[in-house]
Amino acid sequence: MIDLVLEGPGKNALSTVLMRELLAKLEAAAGAPALLTGAGDALSAGLNLVELAGFDVAGMRAYLELLERTMHALYLYPGPLVAFVNGHAIAGGCIFTLCADHRVSSPAPTGKIGLNEVALGLRFPRSVLQLVRRRVAPEHLDEVVLGAGLHDPQGALRLGLVDELGDLALARARLAALAQHPADTYAATKAELRAGVLVEDAAQARAFLEDALPTWTSPALRERLLGFLKQRSRRA
């Protein structure tokens with residue numbers, strides 16, 4: 001079994017460096033049963049807002065393409081993949097959690113889980129929203145996405161963002177149980193379940209980027225992100 005540990009500044013914020021490292025780890029794991037978690041007291045506090053605030057259009061395009069590529073690699077990983085949410089799993093951190101076959105969260109109420117992109121003024125890339133539609137039950141979809149709230153583990157369990165509450169040992173036990181299945185059959189069946197979920201029309205993907213990138217790189221959004229970072233640092 002392989003541990004895929006997200007580790008980086010800002011409570012494992014999803015920087016370009018962190019995502020490239022994760023892609024390399026996934027490739028090296030080669031379908032072995034894997035546990036996704038974070039270093040310290042968070043899985044990931046979300047996108048690296050410091051990095052985002054400094055991007056021009058070309059840099060933001062490359063970042064979003066890397067984010068989607070990493071999400072695809074997690075969601076389509078052929079072997080068993082269990083996520084242990086050991087603290088915050090916010091925005092991109094929550095998306096990565098939703099990619100896992102099974103999701104266990106620590107019950108500690110200090111951890112916040114959710115998709116707050118709308119509250120930050122960030123539009124979801126199309127394939128990310130397709131993943132969320134697949135993973136979140138219809139009756140909770142508007143609350144999770146449009147409500148843009150951050151939930152304690154009990155709330156995340158109610159909304160289906162995680163499957164159960166427990167500790168690292170429980171997450172490893174769930175992974176061990178999935179690892180008992182014949183690997184070839186597991187991989188083939190998982191691929192059939194995932195087929196088509198993240199596929200999108202190339203022209204529509206280009207149209208989204210042309211429409212969304214000016215907002216993602218606007219001075220107004222940069223100011224909002226920097227203000228959010230200041231608020232977060234005062235709460236820390």
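What is the volume of the second largest pocket? The second largest pocket has a volume of about 170 Å³, where a pocket is an open set of points on a 1 Å grid over the protein atoms alone, at which a 1.4 Å probe fits, with protein on both sides within 12 Å along at least five of seven lines, and the volume is the space filled by probe spheres set on the points, joined across faces, edges and corners.

Before selecting anything, note that this is a predicted model, in which local features need pLDDT of at least 70 and side-chain atom pairs count only at pLDDT 80 or more, while totals for chains, interfaces and linings use all residues. Residues are numbered from 1 along each chain as its sequence is written, and side-chain values use heavy atoms, with hydrogens and water left out.

**The pocket**

Select E65, E68, R69, H72, P125, R126, S127, L198, E200, A205, F208 and L209, which line this second largest pocket; lining residues have an atom within 4 Å of a point. The largest share of the lining, four residues, comes from α4.

**The sheet**

Next, colour the five strands of the open sheet, whose order is β1-β2-β4-β6-β8 with parallel pairing; two strands pair if DSSP finds at least two bridges between them. At its edges lie β1 (2-6) and β8 (164-165), each of which pairs on one side only.

Now select β4 (residues 81-85), where five of the five residues are buried, so the strand is largely enclosed by the rest of the structure; buried means under 20% relative accessible area, with a 1.4 Å probe and protein chains only. From β4, L81, A83 and V85 point one way, whereas V82 and F84 point the other way. Three bridges join β4 to β2 (residues 34-38), and L36 stands opposite A83. Four bridges join β4 to β6 (residues 102-105), in which V104 is the bridge partner of F84.

**The cores**

Finally, show the largest nonpolar core, which has 62 residues, with L36, L47, L52, F96, L161 and W216 having the most contacts inside it; such a core is a set of buried Ala, Val, Leu, Ile, Met, Phe, Trp, Tyr and Cys residues joined through side-chain atoms within 4.5 Å. The largest share of this core, eight residues, comes from α4. A second, separate core of eight residues includes L35, F84, A171 and L175.

How values were computed. Helix = DSSP H or I, 4+ residues; strand = E, 2+ residues; numbered from the N terminus. Buried < 20%, exposed > 50% of the residue type's maximum accessible area, 1.4 Å probe, protein only.
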